[in-house]
Number of protein chains: 2
Amino acid sequence: QPEFDEFVQKVKEIVERNESRRLPKLPKGTRDFANEQMVIRERAFSIIADVFKRHGATSLDTPAFELRETLMGKYGEDSKLIYDLADQGGELCSLRYDLTVPFARYVAMNGITSFKRYQIAKVYRRDNPSKGRYREFYQCDFDIAGQYEEMGPDFEIVKVLTELLDELDIGDYEVKLNHRKLLDGMLEICGVPPEKFGTICSSIDKLDKQSFEQVKKEMVEEKGLAVETADRIGTFVKEKDSPKELLSKLKQEGSEFLQNASSSRALDELEILFDALERSKCIDKVVFDLSLARGLDYYTGVIFEAVFKGTTQVGSIAAGGRYDNLIGMFGSKPVPAVGVSLGIERVFAIMEQLQKDRNETTRPTETQVLLGIMGNKSKIPLAAELTSKLWSAKLKAEFVVSTRFDKIISRANDSKIPWMVLVRDRELETGKVKIRNLETKIEEEVPLSAFVDEVKNRLNL
Amino acid sequence: QPEFDEFVQKVKEIVERNESRRLPKLPKGTRDFANEQMVIRERAFSIIADVFKRHGATSLDTPAFELRETLMGKYGEDSKLIYDLADQGGELCSLRYDLTVPFARYVAMNGITSFKRYQIAKVYRRDNPSKGRYREFYQCDFDIAGQYEEMGPDFEIVKVLTELLDELDIGDYEVKLNHRKLLDGMLEICGVPPEKFGTICSSIDKLDKQSFEQVKKEMVEEKGLAVETADRIGTFVKEKDSPKELLSKLKQEGSEFLQNASSSRALDELEILFDALERSKCIDKVVFDLSLARGLDYYTGVIFEAVFKGTTQVGSIAAGGRYDNLIGMFGSKPVPAVGVSLGIERVFAIMEQLQKDRNETTRPTETQVLLGIMGNKSKIPLAAELTSKLWSAKLKAEFVVSTRFDKIISRANDSKIPWMVLVRDRELETGKVKIRNLETKIEEEVPLSAFVDEVKNRLNL
């Protein structure tokens with residue numbers, strides 16, 4: 001007997017192993033979305049698109065892949081994460097890595113001099129999949145290209161970011177903000193040679209994850225800075241305060257930042273920006289932080305990053321800045337630009353968690369009424385006729401034909417449809433159908449000839 | 001002098017040639033969409049999604065690429081058009097070729113037994129780009145998987161197709177319809193050996209582009225049919241009529257179709273379907289056409305294809321059918337399914353043409369009011385404050401700060417914004433701003449303190 005049980009167990013294991021081998025899989029780092037998850041996503045996309053449209057942006061749609069040469073030389077070290085298409089004859093192409101470079105390519109290719117666009121689309125990165133990190137994910141980008149009065153677009157981008165996060169209603173956040181030219185000036189003041197600005201910025205960028213001692217070690221031992229230079233950097237990058245406080249500190253009489261051409265210009269720009277943000281009533285979300293450096297090479301002015309406050313550290317949920325040279329890299333006239341990218345996957349995760357915490361349920365469909373007909377396939381034409389009347393009235397309706405009442409009821413309950421029209425021969429004979437409230441289970445008989453209006457009444461339409 | 005002009009011309013040519021060489025390009029067969037085009041697309045997507053939701057479908061989002069093994073063996077000859085991702089270590093993946101196979105993979109992978117979903121997404125085909133044929137294009141799919149009363153889902157899919165085309169309002173169309181099992185029966189009756197059903201179906205499928213003589217030649221000379229067999233096929237595939245007419249002809253006493261198990265079952269199914277379509281008031285759009293065969297291998301029941309009527313032949317704009325074995329191919333329990341796919345690119349082309357013909361214009365943005373401030377960058381904070389008041393009131397607003405009045409006006413005119421709030425020092429001194437109707441050019445002075453309400457009144461909000 002025990003031998004037999006063991007034998008059965010082994011057979012079962014082998015069968016199951018084969019089963020799972022044959023069942024299809026998803027590529028690593030990719031996901032499907034359906035039902036409730038999809039409803040939450042679409043709700044978020046609609047909030048986001050509404051904010052973008054409120055600011056006069058038009059939607060741009062670009063191909064999922066670009067010529068490889070379009071992406072080359074734009075992402076520094078991260079280029080190794082770009083997905084290439086196989087060479088099957090013809091052009092060499094790669095999947096887009098972000099939405100900024102396709103936007104810049106579009107502006108350059110079409111000789112456009114001003115453009116305010118948004119794009120909500122998937123991007124692709126051959127990153128190591130881990131919890132919360134995917135190889136295919138959505139980005140929501142808003143960018144303004146063109147020559148405008150100084151800091152006008154920069155203000156609007158930061159404003160859009162705060163509106164997005166406020167309206168998504170996902171908790172408290174702050175926007176860390178800095179200026180690339182201020183960083184340049186700071187490094188010059190500290191005695192960093194100009195050719196090392198980029199690599200030292202990359203080191204500074206690690207300060208949100210590493211201690212200053214670790215970063216100092218890297219700057220001194222790996223990147224060859226003098227210890228005093230690194231220490232001077234250390235005193236500056238500690239500076240972090242509400243925008244107007246820190247700005248007036250940096251502008252105090254005798255401040256070295258005022259002597260340096262680069263940082264002095266940056267401070268003038270920031271003064272306008274902070275005034276604008278203050279009068280727009282969103283400056284309380286902004287922290288002026290000299291340790292914010294941002295990895296990407298192409299930033300040339302204001303840079304920022306939004307992070308969640310509170311216990312759960314999900315890191316950066318949005319980032320952006322000014323990039324005045326990227327569009328010109330495509331051989332067209334240079335067009336200054338500034339933009340923000342929202343990493344919506346983290347936002348979804350938070351929204352799903354919030355919904356769970358609040359014990360809210362989301363219906364996967366919007367169906368308002370289920371037409372249930374007792375009978376076999378000979379009733380399909382009747383179902384077609386009656387449901388079509390509901391559809392013609394623009395009601396969201398489904399039908400089910402079954403000889404079993406319990407099947408009809410469970411279909412309605414499963415998808416939480418509020419109303420059911422029950423069609424049975426016994427009522428039909430006298431020209432009647434029943435309307436059932438699926439929550440209260442109360443049924444009322446109504447004339448078949450008026451059943452659409454009766455449903456509409458109950459839906460308050 | 002002439003030599004000099006020629007020289008200048010040559011230099012100009014060389015410079016321009018270099019310019020165009022450096023300017024970025026799109027991959028062949030791909031496109032960007034922006035502004036008015038995008039507005040038309042979004043309008044169409046919204047109509048389509050509304051129809052799908054009205055029928056109780058939920059939205060599914062799948063990755064743009066699948067494991068290569070998922071796509072293999074599903075598309076027959078067309079597999080050569082699949083885009084592969086480069087092998088950069090790890091799994092072998094390919095861009096999706098349609099939305100049906102990812103849907104089937106999702107159902108199989110998750111052990112789902114019933115599912116009504118829609119998906120509006122891009123698919124990828126390494127086809128030869130030509131006028132109206134692209135390598136990246138949208139498909140809009142609606143599918144019902146699961147065991148239901150016979151022909152219920154089939155009816156609903158055809159109904160959805162007619163609702164889509166009616167509501168997109170792009171002109172007269174017809175839905176050609178046939179049944180794979182009826183074709184099988186027909187071929188058996190004609191004396192085609194079963195192993196040749198597939199290849200002969202492919203020949204028949206060409207009848208919309210070739211004469212019967214050409215197709216007959218192929219069937220006899222290439223595929224080895226007897227001339228009499230081919231001729232018998234010829235008498236059947238000419239049959240094309242309104243559904244109920246042709247059905248009753250095929251069901252006449254003594255009809256061979258009634259003797260054949262396969263075709264007799266198909267005729268029973270079609271009888272229910274046609275009754276349902278008739279009572280649903282959309283049978284006048286349907287033509288029962290024995291020459292419709294559809295290329296893809298996986299169809300097992302009802303098949304159909306929508307084509308435009310009228311002078312411009314744009315060919316098929318939607319197609320679909322029943323495929324009861326596809327989901328089971330993934331090693332899960334077989335789940336019967338039926339669906340339709342709308343080739344939306346042709347719909348867009350028609351909508352754009354209609355709009356041109358009707359001389360309609362589409363605004364690229366929805367901006368309701370432009371805040372124009374006369375001044376230099378020192379006015380940016382004021383612009384921020386005032387525009388934020390409009391945004392807080394959920395108005396769609398943009399701002400422009402310029403020392404030149406003509407620049408402000410042309411900005412409004414270019415994007416056809418209906419209203420402008422004009423802010424100048426001369427009125428500001430008395431606490432006033434001007435509201436200008438950009439169509440009538442009439443200006444009215446209003447108190448700055450009430451300008452948001454004044455704008456809302458004028459927008460009837």
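The model is predicted, so local features need pLDDT of at least 70 and side-chain atom pairs count only at pLDDT 80 or more, while totals for chains, interfaces and linings use all residues. Residues are numbered from 1 along each chain as its sequence is written, chains are lettered from A in the order in which they are written, and side-chain values use heavy atoms, without hydrogens and water.

**Helix pair**
- Helix α5 (residues 152–168) of chain A packs against helix α14 (residues 380–392) of chain B at an angle of about 30°, with the axes 11 Å apart (axes are lines fitted to C-alpha atoms over the stretch in contact, and angles run from 0 to 180 degrees between N-to-C directions; helices are DSSP runs, H or I, of at least four residues).
- In α5(A), G152(A), F155(A), E156(A), K159(A) and E163(A) meet I380(B), A384(B), S388(B) and W391(B) of α14(B) (contact means heavy atoms within 4.5 Å).

**Nonpolar cores**
- The largest nonpolar core has 128 residues, of which L371(A), M186(B), I233(B), L342(B) and I344(B) touch the most other members (a core joins buried Ala, Val, Leu, Ile, Met, Phe, Trp, Tyr and Cys through side-chain atoms within 4.5 Å; buried means under 20% relative accessible area with a 1.4 Å probe, protein chains only).
- A second, separate core of 127 residues includes V107(A), V175(A), A266(A) and F348(A).

Methods. Buried < 20%, exposed > 50% of the residue type's maximum accessible area, 1.4 Å probe, protein only. Helix = DSSP H or I, 4+ residues; strand = E, 2+ residues; numbered from the N terminus.
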